[in-house]
Structures are given as structure tokens and as C-alpha cells.
Amino acid sequence: MTDRIPLHDATTRVSLYAKREPIHVRAVKGRFQRLRRGLDWLLLALYAGLPWLTWDGRQAVWFDIPARQFHVFSTTFYPQDATLLAWLLILGAFGLFLVTVVAGRVWCGYACPQSVWTWLFIWVEQRLEGSRHRRIRQDAGPLDAAARGRKLAKHAVWLLIALATGVSFVGYFTPIRTLLADLTTLSAGGWALFWTGFFTLFTYLNAGWLREQVCLYMCPYARFQSVMFDKDTLIVSYDAARGEPRTAGRRRAVAADATPGDCIDCQRCVQVCPTGIDIRDGLQYACLGCAACIDACDDVMDQLGRPRGLVRYTTEHALEGRPTRWLRPRLIGYLAALLAMAALLAWQLAERVPLDADLERDRHQLYDVTAEGGIRNAYTLRVRNMDARAHRYRLALRGIDGLHLNAPVRLTLAPGASRSLALSIVAPAGSLDAPSQAFSLAITAIDTPHIRLTKEARFLGPARR
Amino acid sequence: MNDLWGNALSDFWSGWIIVITLGTIAFCAWVLFGNRKTDKRPDAQGNVETTGHSADGIDEYDNPLPRWWFILFIGTLIFALGYLALYPGLGNFRGLLGWTQERQWQAEMERAEARYAPIFERYRQTSIPDLAEDDEAMRIAERLYLNNCAACHGSDARGGFGYPDHTDDAWLYGGSPQAITQSIAQGRGGVMPAWNQLGDDNLRNLANYVASLSGAEHDDERAAKGKALFSATCIGCHGVDATGNPALGAPDLTDDAWLYRHPGQPVREAVLATLHQGRKGHMPAQAPFLGQDKVHLVAAYIYSLTH
């Protein structure tokens, strides 16, 4: 018989778009999963618990956007402190880059909120719909009443978790106790209701429906994280030298040409992977570094009486049999940047004075002459008390002999309050050396002298004749 | 005139914009649908023909657009068309919702009025001397003053050349609460005619006499000559004793307050300049900008500076 001539249908066009295959993740136990679960529960507890703490009669962690006050325990930050936020974000970025250089994509696998919530949702799915093979069988055919009931229960629990997530998130911006009271009595309205609904919906969609699609296609970190890898980065890797050639079942016993490798092709590492890859294919972009495959393979090795680590955290250099260099320029560079930013943040926090002021000259005339022949400049001083308690402030002028305020100024400000003051500053006759001279105004809290701000300005007078 | 179509643009330019806008949207849709699928299919071995471009040895597939991306793009097209139907954007078309900047501003002003008017209404009922004692009211008034008045009168209200000093007792139009309120609400326009026709010598005499009235430096001889001229010419507005006339805004010439004197300038020189040039003082009416309620508060603030 001749070979059949392969047929190509020339009339239709093919879409190369690949539909997503649902991944049924198999449950796995092991030391890395214990570590991850512990960390994840801790992070979830922090996330859900922080809005409930109180400090001094108000919520301890509260980002009060309408009032432009951001409360973090004992300190209240104002928009004027935005540079601190910038340092914090840069610190976070460099910290992440450092971790990536050292250990690859472990942020994704252990701590990223997308992963944390997806793992939680997968765990709920397992509890309610059963183990992996049951789920595959259930999803393969039409759903019976029991299956539909299980799925309904799963989605209900997911929505409940998503709701708790949404309420917690909004609770960072609106006091959570009032928020919950309003929501339960159906009297919440406006933005609070919208954002709670928004975050509930998107938590449900992200963790229940999108899952690994976020990690594979949507996340920007996923795209550039590999650029920080080098051959000394810890990656999850299959030791091909030890595992190949992989042989399964009866073929193991009868293999004569080569000693079979440790890998018995049980496919466990593929089944437990949340992104659905086969780690034995080598380092892949989609690997989250979650070590589920490590735990799975270690378990199998234990049962076979073989040493652990067929799939393990290792470096490419180590796999090639060369020593792994920990302190390399890339790592030292990121570490230095991280320490510099941390120092900058710490220094600025320590130096932070809970007082903000602006001193602006009047522009309608350069100067005026008083009845006694002194020179007067008019200023507007705007002061804001950024501390948590009220203060009385004293103003002091420096830089020109005899410089004084036309009228004494005693300023009392409640916490968070600000005042605009009109100041008449007078230099006695003959005390000015130049038409424009520098001077400074110091604002000091009377009861707390270390709360002190100095504003530099210029004093204008007549040109020298 | 059709309510949906304005006339800010000529018909031609309106049409120009409509054609270009809708044409671009149509073009985007055409490009989108045109590139949706691909002709290149995998062959028997599963290889796919590339586009033919090769950059440093890297070839390019001709993959079709992902479905989610495609659907999102359609979403943006729908949004664009919907937006242009509801809001102005297509030339002279006003949009089905009839949105304008002015109406949005009007709505915000009404919200502000509803929120703040009761506060000012409350203060309106209080007399100015009582308001001057009220700390909270004066803080609000100070902010109003700084925002509206400080540009001319200075943040410390001491004025400048041509802008009265409100921290002293000299009032051009009277310092009673009613007079202050009227000055702010309806404004003032003070006119000092120029007296060039009298001749430079006479003007110098006048200037020296006026300087002598307040005890400023002057030439006694010239001042004596100026006295007669003053009685003939100036008392009509400035009063027999030169203490001024609040009804006209004619200043008291016997005090130390000089509206048109530069810092450090001798009084007689300042007066001479005024006599030569004349003056036209202008305080703009604030009632149209602030409303009577806020004028009342600011008047109380000005009053409080001297009480």
C-alpha cells in the first residue's frame, strides 16, 4: 500500500489561538509547602487583622483619604510626607530584585497576593470537590445534581472569602467597624459600597477564574524577573544527570542497555504544579518557585528509599558541577542599593518634624517705611501641625540685627490643623546692609522644643544711594 | 435651532472634525478585523511559516490576535462611539446628555451654596462689632481677606502706594461698620483733580502749606503763600479745617496718613506730585464677587483690625 497523501484543507483558516486548558492541581505535602502555608496564613492574618487594631481611640492603620491623613499606629502622615512613600516603594522594589537575584521567582510562589489567594481558593476547591482525579472525572462529563451542588458550594465559599477580602481592603480606608455595621444594615452607600463590591468581584475572578493566567500573561514582574537571573541564582531544577534516562514501571526491571535514572516518570511533579508545567523540561518562565514539585518528588523518593533532591532548589553552576558564587557584583549592587534606600528612609523618618510651614512674601510692593523710619516687609505664613496633639508655637527671627515682628504672635494649633497668618516684619532704620538680605524665621513648639522648623527668606529694602 | 447642534464652529469645520473622528474609529475597526486571523497554518510537521522578516536571526510568527485582547478592543470602540453620542466631541454636536462646562460648574456652585450658605447666613445676623470679637468668624474672614483683598491691601492690611492702610485710624470714607461695608460692597471711586493750571510756583506753595498742616517738613515762606490759595481752592472738598470729607472721600490733610506717598518720600513732594497729576482711586465693588454675606464678614475683619 502506498502512504496516504496527507490532506490539507485549503478552504478554512486556522486560528493559532490556544484555548486555556484547566489545571487540576494535585494536593501535596512537604516541608516547603509547610513553610509556604505558614507564611501565607501569617500574611492573610496580617491583612485581615490590621484594620481591627486601634490606637488612641482611632483605627491604628487607616488611610483617611478625604482628610488627607494616613495613620500608621502612633504617627500620622500627610501628603507633604510623600517622599517617604517614594522611598518605601523603591525599597520594596529593590528588595524584590534582590530576592530575585538570590532565589529566583520565590516571591511569586510564596508571598504574592495572587498566589496566596489562589492557593487558598484551590484548597477550598479540594475540600469541597474532592481530590485531583475526582475533579478531572467530574469535569470530563456532564454534571449531575451532586456535582452541581458541590460546585455551587465552592463558589459560595469563594465569594465569602472574596467578600471578606473586599471588606478588609476597604477597611483600611474607612474605619472597618463602621463599614461592617453599614454593610450589614444595608446602609452603606457611595464609594464604600462600590469599592467593596469591586474588590470582592476581582478577588473572586482573579483567584477563582484567572489563577495562573495572571502569573503567565498579566503580571509585569513575571515578564522581567528572569532578567535578574544568572547562573548563581537558586532555581527549582530537575537533576537530569541523576534522573535520566527516566524509566517507569516494568521497563525498569528489564532495562539492560543503561542504568535507569532515579526518575520513575510518575508525573507527580507535573500534577502538583499550579502553572501546569513539567519542571523536567528545564528552567521555565512559568515556574513560580513554589517547590510543590520538590515536595512531591521528595515524597516519592522517600517511598522508594532513594535520596531526596531529584528536583531541588539549586543553581545552574551547581548543576554543572561548578561552585556557586554567592557574592557577585549583581547581588552586591542590589544589596547596596537596598541598604542605601533603607538608610535614607530611616534617616528621613528620624529627622521628620511633625510641622509644616510656608513663608511667602507679599508681592504688591517691595517694602514699606514705618513712621519711625524702619523698613517693613509683609509676609503670609502658613503653618500646619502634623503631630497627634495640639501645640503652641513661638516665632523667632534671625539674620538681621533688630529684626522683629510688628505684633507678637502666639499660635496654637490643634492636631492636623493649619493656619494662614499675615506677618509684618520690621527692620529698624539703618540695620539693612543691602537691598536684599537673607533672614530666617524659626517656628518652635513651646512645650516640645525639638519640633522646630526654620524658613529662609529674603528681606527687601531701599537701594543704597 | 435644533437643540442638539450648537454653532460654535462653521458647518465646514464641524463636518471636518466629524469625518476625521468617525473615520479614524472606522479605520481602527477595519485594521482590527482585518488582522484578526491569519493565513499561515501549521504544516504536516507542525511548523508554521514565518512572516519573512528576520531581525538578527530572530524570525517572526504571524499569530492572530488573542481573543481577550480583541474583545477589549471592541469594547473600546463601543465606548468611543457611546461617548461621542452622549457628550460633545463631534463638531457642533452637543451630545445627548447636554453636558457643558458651565452646567457642571453651576451644579458645583449650587452644592457649595447649599453647604456653606447657612454658615455665612448665621454670621450675617450678627452685628459687625460682635463679629469682630468672634475668633472663629475672624479666622474665616481672615482667609477671605487673604484670598480676595491681600493682593492690593497687603496680607497685613497695611496697604501701599494707592492702597489704604486699614490698621490705622484714618478713613477716607468713614470707619463706621456701615461705611466700611459700603466701601467693600459697592466700591469707591475717589477723584482728585489735577491743578496744573495754577502754575508750578503756586503748586509748590500749596504743597508746602499742606505739609505744614500735619507738621511735616516745609518751607515756612511758601507755606504762608499757599494758605490763601488753599482757602480759595481746596476747602470745597477738603473742608475748612482741611480735616477732609468722608462723603467725597477727600482725605484729612492734617494727619500722618498719605495714600499716594512712596516709602520714605517727603510729604511735600508727594503732595506736589498729586497736585500735578491728580488722582483717581478705585476700589472695586466686591458684592458681585463675594455676595453680601461674605462682604459682611470681611467688613467685620477690617473693623477688627482697628478695634
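A residue is called buried if 20 or more other C-beta atoms lie within 10 Å of its own, exposed if 12 or fewer do, and partly exposed in between, with C-beta atoms placed from the backbone. The views below come from a predicted model, in which local features need pLDDT of at least 70, side-chain atom pairs count only at pLDDT 80 or more, and totals for chains, interfaces and linings use all residues. Residues are numbered from 1 along each chain as its sequence is written, while chains are lettered from A and ligands numbered from 1 in the order in which they are written.

**View 1. Buried residues of helix α12 in chain B.** Helices (H or I, at least four residues) and strands (E, at least two) are DSSP runs, numbered from the N terminus. Helix α12 of chain B covers residues 287-305. Its buried residues include B:L290, B:K294, B:H296, B:V298 and B:Y303. Which helices do the buried residues of α12(B) pack against? They pack against α3 (101-124), α4 (128-131), α5 (135-148) and α7 (177-186) of chain B. Here, contact means that two C-beta atoms, placed from the backbone, lie within 7 Å.

View 2. Where is the kink centred? It is centred on B:D293 and amounts to about 80 degrees. The bend at a residue is the angle between axes fitted to the seven residues ending there and the seven starting there.

**View 3. Chain B as a whole.** Chain B holds 12 helices and four strands. Its radius of gyration is 36 Å, well over the 19 Å from the globule rule for 307 residues, so chain B is more spread out than a compact globule. That radius is taken over C-alpha atoms, and the rule is 2.2 Å times the number of residues to the power 0.38. The C-alpha trace spans about 120 × 50 × 50 Å along its principal axes. Buried residues make up 23% of the chain.

**View 4. Domains of chain B.** Domain bounds come from an automatic or database domain assignment. Chain B is divided into domain 1 (11-99), domain 2 (112-187 + 284-305) and domain 3 (190-283). The C-alpha centres of domains 1 and 2 of chain B lie 59 Å apart.

**View 5. Where chain B touches chain A.** The contact takes 24 residues from chain B and 21 residues from chain A. On the chain B side, α5 and α6 (150-153) each give two or more residues. By class, that side has nine nonpolar, six polar and nine charged residues. Ala, Val, Leu, Ile, Met, Phe, Trp, Tyr, Cys and Pro count as nonpolar, Asp, Glu, Lys and Arg as charged, and the others, Gly among them, as polar.

**View 6. Domains of chain A.** The assignment gives domain 1 (17-352) and domain 2 (355-460). Their C-alpha centres lie 54 Å apart. The contact takes five residues from domain 1 of chain A and four residues from domain 2 of chain A.

**View 7. A:R135 and B:N7.** A:R135 lies in helix α5 (residues 132-140) of chain A. It counts as partly exposed because it has 19 C-beta neighbours inside 10 Å. B:N7 is found in the segment before α1 (11-34) of chain B. B:N7 counts as exposed because it has 9 such neighbours inside 10 Å.

Key. The expected span of a helix is 1.5 Å times one less than its number of residues.
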